[in-house]
Amino acid sequence: MISEELQHKQDILEAYLQGLGSVMLAFSGGVDSTYLLHEARKVLGDKAMAVTMKLASVPEREVSDAIDFCEKEGIRHKVVSMDQFGIEGFAENPENRCYLCKHFLFFTLKKLAVEEGFDYVIDGTNMNDASQYRPGLKALSELEIKSPLRYAELYKADIRELSKEAGLSTWSKPSFACMATRFPYGQTITADKLSMVEKAEDYLFSKGFTQLRVRIHDGNMARIEVVPAEFLKLFGIHNEVLRVFKSLGFTYVTMDFEGYRMGSMDEVLGNTK
């Protein structure tokens, strides 16, 4: 059973969704958007639709998860392919890359929502996102994208607990972020390097690692982040990891002794953002 406080937040969320009337959800298949889609479908029925953006910075495994969930639940779903490299500034990777990308993608979604007859576009932003460097939030605000989880003051831990209570398998799914976040600001993003990162992370997931990132530096150096509890596991297969990563095109392979943490590429920004 969930706590009274958490039940109250869920009630707020459902009332908010009801008030929106009809929604098109930017659906990644991750923890947050899956729970939000579950709630939107419960409250609005067929007046809730999911759209998954097929992008160079999103692994195929995430798109497949999104498709599988909607097929299983019988939720109306569309996969839209978009060329991120056509977004001005994306490949150059400036500090506001997320803003540029989000503005383009959600502007496109808003047009699609009008075409499909939906009142609002919603996304899975939660309260944790507000405490981190998220230039994309500015784009969402400018475009009047609704963030119901944030409105209900739900944090990631809340969403996991509510997802577990609802029987959603994603309650324990590792957190995922756009693979463009694996590149230091100012380092050019290319399709080939995104593919290197995706394959490297897929390999580590296949070896049983849970929460992880493969950051790419100086062209072809990999910096692996895993949770500290899995440091020894990584050491134990370091020769295999080295062989696999070099076969993918990495010249140097390193491990970050601070371990996995969200937004480690933002650390260079200090407290000015």
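Predicted model: local features only at pLDDT ≥ 70, side-chain atom pairs only at ≥ 80, totals over all residues.

Author: Residues are numbered from 1 along each chain as its sequence is written, and side-chain values use heavy atoms, with hydrogens and water left out.

Reader: Why are α1 and α7 called roughly perpendicular?

Author: The axes of helix α1 (residues 4-20) and helix α7 (residues 156-165) cross at roughly 90° and come within 11 Å. Angles of 65 to 115 degrees count as roughly perpendicular, and α1 and α7 are therefore described in that way. The contact (heavy atoms within 4.5 Å) is made by Leu6, Lys9 and Gln10 of α1 with Asp158, Glu161 and Leu162 of α7.

Reader: What makes the buried residues of α7 line one face of the helix?

Author: Buried means under 20% relative accessible area, exposed over 50%, and partly exposed in between, with a 1.4 Å probe and protein chains only. In α7 the buried residues are Lys156, Asp158, Ile159, Leu162 and Ser163. Viewed down the axis of α7, they fall within an arc of 155°, so they line one face of the helix. The arc is taken from the directions from the helix axis to the C-beta atoms. These buried residues pack against α1, α2 (31-44) and α6 (148-151).

Reader: How do you know that Asp158 forms a salt bridge with Lys9?

Author: A salt bridge requires a side-chain nitrogen of Lys or Arg within 4 Å of a carboxyl oxygen of Asp or Glu. The closest N and O atoms of Asp158 and Lys9 are 3.1 Å apart, so the pair meets that definition. It joins distant parts of the chain, with Asp158 in helix α7 and Lys9 in helix α1, 149 residues apart. Asp158 and Lys9 are both buried.

Reader: What makes Lys156 and Asp32 a salt bridge?

Author: Their closest N and O atoms are 2.8 Å apart. Lys156 in helix α7 and Asp32 in helix α2 lie 124 residues apart, and both are buried. By this rule the count comes to 20 salt bridges.

Reader: Why is Glu60 called partly exposed?

Author: Glu60 has a relative accessible area of 43%, so the term partly exposed applies. Lys54, at 29% relative accessibility, also counts as partly exposed. Glu60 and Lys54 form a salt bridge, with their closest N and O atoms 2.6 Å apart.

Key. Axes fitted to C-alpha atoms, helices over the stretch in contact; angles between N-to-C directions. Helix = DSSP H or I, 4+ residues; strand = E, 2+ residues; numbered from the N terminus. Parallel < 35°, antiparallel > 145°, perpendicular 65-115°, else oblique.
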